[in-house]
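Please read the following report with the sequence and the model side by side.

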Amino acid sequence: MNKRIAVIGGGFAGLSAACELAQAGCAVTVFEKNQSLGGRCRAFESNGFVFDMGPSWYWMPEVFEQFFQRFGSRVADHYELVRLDPSYQVVFEDGSTTEIPAGIPDLKSLLESWEPGAGQKLELFLEEARIKYEVGMGEFVWKPSVSIVEFFEWKILTQGLKLQLFGNMKAHLRKYFSHPKILKLLEFPVLFLGAKPGDTPALYSLMNYADIQLGTWYPMGGMAKIPEGMANVARKLGVDFRCGHEVQKIHVQGDRANAVVVDGTMHHFDAVIAAGDYHHVETRLLEKPFRNYSDDYWKSRTMAPSSLLYYVGLDQKIPGLKHHNLFFDRDFEVHAREIYDEPQWPSAPLFYACVPSVTDKSVAPEGMENLFLLIPVAPDMRSDEAIRDKYFDECIARLEKQTGVAIAPHVIYKRSYAHEDFMADYHSFKGNAYGLANTLSQTAFLKPKMKNKKVKNLYYAGQLTVPGPGVPPSIISGLVAADLCLKEMGIRSQNESIIPNEKRTRA
Ligand SMILES: Cc1cc2nc3c(=O)[nH]c(=O)nc-3n(C[C@H](O)[C@H](O)[C@H](O)COP(=O)(O)OP(=O)(O)OC[C@H]3O[C@@H](n4cnc5c(N)ncnc54)[C@H](O)[C@@H]3O)c2cc1C
C-alpha cells in the first residue's frame, strides 16, 4: 500500500515536499489553514488590483526551472518570465536616483564613474561570488544538515574553505570597494537574509552573484503564479489539498507520529512533514516531551526582521518609478540599530517600493498603478492604526518628493500588514516575515533541525530550517525534507542524489 504522508502548510516548502513525495508514489495530503495556497506568497484582489502579499524579487531562476523540470514541465508551462532592466533603482541619501542596469558592462561603467578601478574589481568580486554560488547552491543547500558529519566529505571540506564562512560581508566588500554608494548597493541583497552585513558570513556574497549575474526576473501575472504552478503540478501527481483546514495537533504514539488532528478529527498517516512555522509546530502542535527545542532556545534565536507592508491602489500612473525602487535615502546604520540592537519603531527608515504595474498590466486597472511598500522593522513589536498611518504618510511624502508627483490624493485603495497579521495568517513566531537571521551561528547544521530527534517519522521544512529564508531556499527545503523522509522509509535508495545538476559544482 502507498505510504500516506501529511504535509502541514501549503507554502513553497509544503508544495515542493508534496510534489516530491507524490512523484515517489506516496499518497499525500496537504493541510493549509488559509483558504488559498502559497503561504507568504499568496495574492489578493481588490478594486481591480492584484496584490502579491509577500515576495516580489524573483532571483535564482534556475532553481524554479529545475523544480518544474523535476516533475516533467517547465517554468514556461506555468508563467511567462521576463528579465527586468534596469534590475532596480536606488534613491541615495544625497537625493540622487540611480538605475542599476541588468548588463554587467553597463554596471561596471556605473561603478567606475563612482570609484576608479571599481569596474575591474567588480569582475574579481563576482568571480569569487560565482564560486560561492556554485558550491553553495550546488552542494551545501541540498544537505539536510542533520549532522555535521555530512560536511566531512573531502570534496565539501575543500570547497568549504572557499566559502569564507568566517569572514563577514561588511569586511569582505571593503576589501574590494570604498565608495559608499557601491557598498550600499552590494550590501542590499544581504538585507534579505535578515542580519547586518557585519554579522552575515562573507559566504553570502553569493547573493550578489544572484543579483548581478543571474538577474532580477518577474513572472507575469505576479509572484503568486509560482505557487499556483507548483500546486498544479502537485494536483497532477495526485496530491490532495485541504485548504481552510488547520492542523491542531500532531499525535505521537511511542516514537512515531501516527496522526494529525484537524477540525477535531484524527487523520492517520505514516509520516508527517511540518512545513508551517517551525516554532508554531513545536510549541502548539507537539506535546512538550516530543519537541526538539526549549522555550529558552527560541528566546535565544536572532530573528530576521519583520515588515510593515502597504498594498496601495493608485488611480493614476506615477512617472519616475521603476518596478523595484529602493529608498536608501536615510542612514542605514541607524535603521539597522533600531531593528537589531535596540528594537523599536524606526526613526527614519529605509523602505522599498515595488510597482509591478510598470511591467505587468494585469495587476492594475488601465491607467492605474499597483504599489507595494515594505519597511523592514524589528520582530516582536505591536502596531496600531496611528503607527501604521504615520509610516504610510512618510513613505508617500518621500515618494512624492522623489517623483515630483502628487500621490496621496490618488490613493483609492490601501491595506496595511504587519506583525499581528503575520501571526494571525501564518502563526509566525514574533511576527517574523522571513524567519531566522542568517548569522554564522544560525547557518547549516546550526539551524533548527529538519528532523525531529524524538519522533522518528516527523520532519520539518520551510524557511526556519535549512537552507533558510527566501523563495528558492524554501522550495529546496521541501525537496530535501521529502528526500530524507523517502530515504528513511526505504522508498528511495540512500545513494540517490537529490542535487539536480551535480556537474555545476566545478569550482
Ligand atoms: C514581505 C515579505 C517579502 C519577501 N520578499 C522575498 C523576495 O522578494 N524574494 C524571496 O525569495 N523571498 C522573499 N520573502 C521570503 C519568502 O517569501 C519566504 O521565505 C517563503 O515564502 C517561505 O515559505 P515557507 O513555505 O517556508 O513558509 P510559508 O510561506 O509561511 O508557508 C507555511 C504555510 O503553513 C501554513 N500553516 C502554518 N501553521 C499551520 C497549521 N497548523 N495547519 C495548517 N497550515 C498551517 C501557513 O498558513 C502557511 O501557508 C519575503 C517574505 C515576506 C514575508
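What is the mean pLDDT of the chain? The mean is 94, and 96% of the residues reach 70 or more, where pLDDT is the predictor's confidence in each residue, from 0 to 100. Over residues 503-507 the pLDDT is below 50, and this stretch has twelve contacts in the model beyond near neighbours in sequence; two residues are in contact if their C-beta atoms, placed from the backbone, lie within 7 Å. The model is predicted, so local features need pLDDT of at least 70 and side-chain atom pairs count only at pLDDT 80 or more, while totals for chains, interfaces and linings use all residues. Residues are numbered from 1 along each chain as its sequence is written.

**Domains**

The chain is divided into domain 1 (4-45 + 55-73 + 221-301 + 437-504), domain 2 (103-214) and domain 3 (306-378 + 384-417), with bounds that come from an automatic or database domain assignment. The contact between domain 2 and domain 3 takes four residues from domain 2 and six residues from domain 3, and the centres of these two domains, taken over C-alpha atoms, are separated by 28 Å.

**Around the ligand**

The shell around the ligand holds 37 residues, of which Gly9, Gly11, Gly39, Gly276 and Gly462 come nearest; a residue is near a molecule if its C-beta atom, placed from the backbone, lies within 6 Å of it. The elements that give two or more residues to this shell are helix H1 (12-23), strand S2 (27-32), strand S14 (306-314) and helix H15 (471-488), and H1 gives the most, with three residues. Here helices (H or I, at least four residues) and strands (E, at least two) are DSSP runs, numbered from the N terminus. Domain 1 and domain 3 each supply at least three residues to the shell.

Not counting residues up to four places away in sequence, Leu373 touches Leu309, Tyr310, Val312, Phe351, Ala353 and Cys395. In helix H10 (residues 278-285), the buried residues are Tyr278, His279, Val281, Glu282 and Leu285, and what covers them includes strand S1 (4-8) and strand S10 (247-253).

**Single residues**

Asp270 lies in the loop between strand S12 (265-268) and S13, and is partly exposed because 18 other C-beta atoms lie within 10 Å. Although Asp270 and Ala6 are 264 residues apart in sequence, they are 8.1 Å apart in space, C-alpha to C-alpha.

The peptide bond from Asp85 to Pro86 is cis, with omega near 5°, and Pro86 lies in the loop between strand S5 (81-83) and strand S6 (88-92). A cis peptide bond also joins Val466 and Pro467, with omega about -5°.

Terms used. Buried ≥ 20, exposed ≤ 12 C-beta atoms within 10 Å, placed from the backbone.
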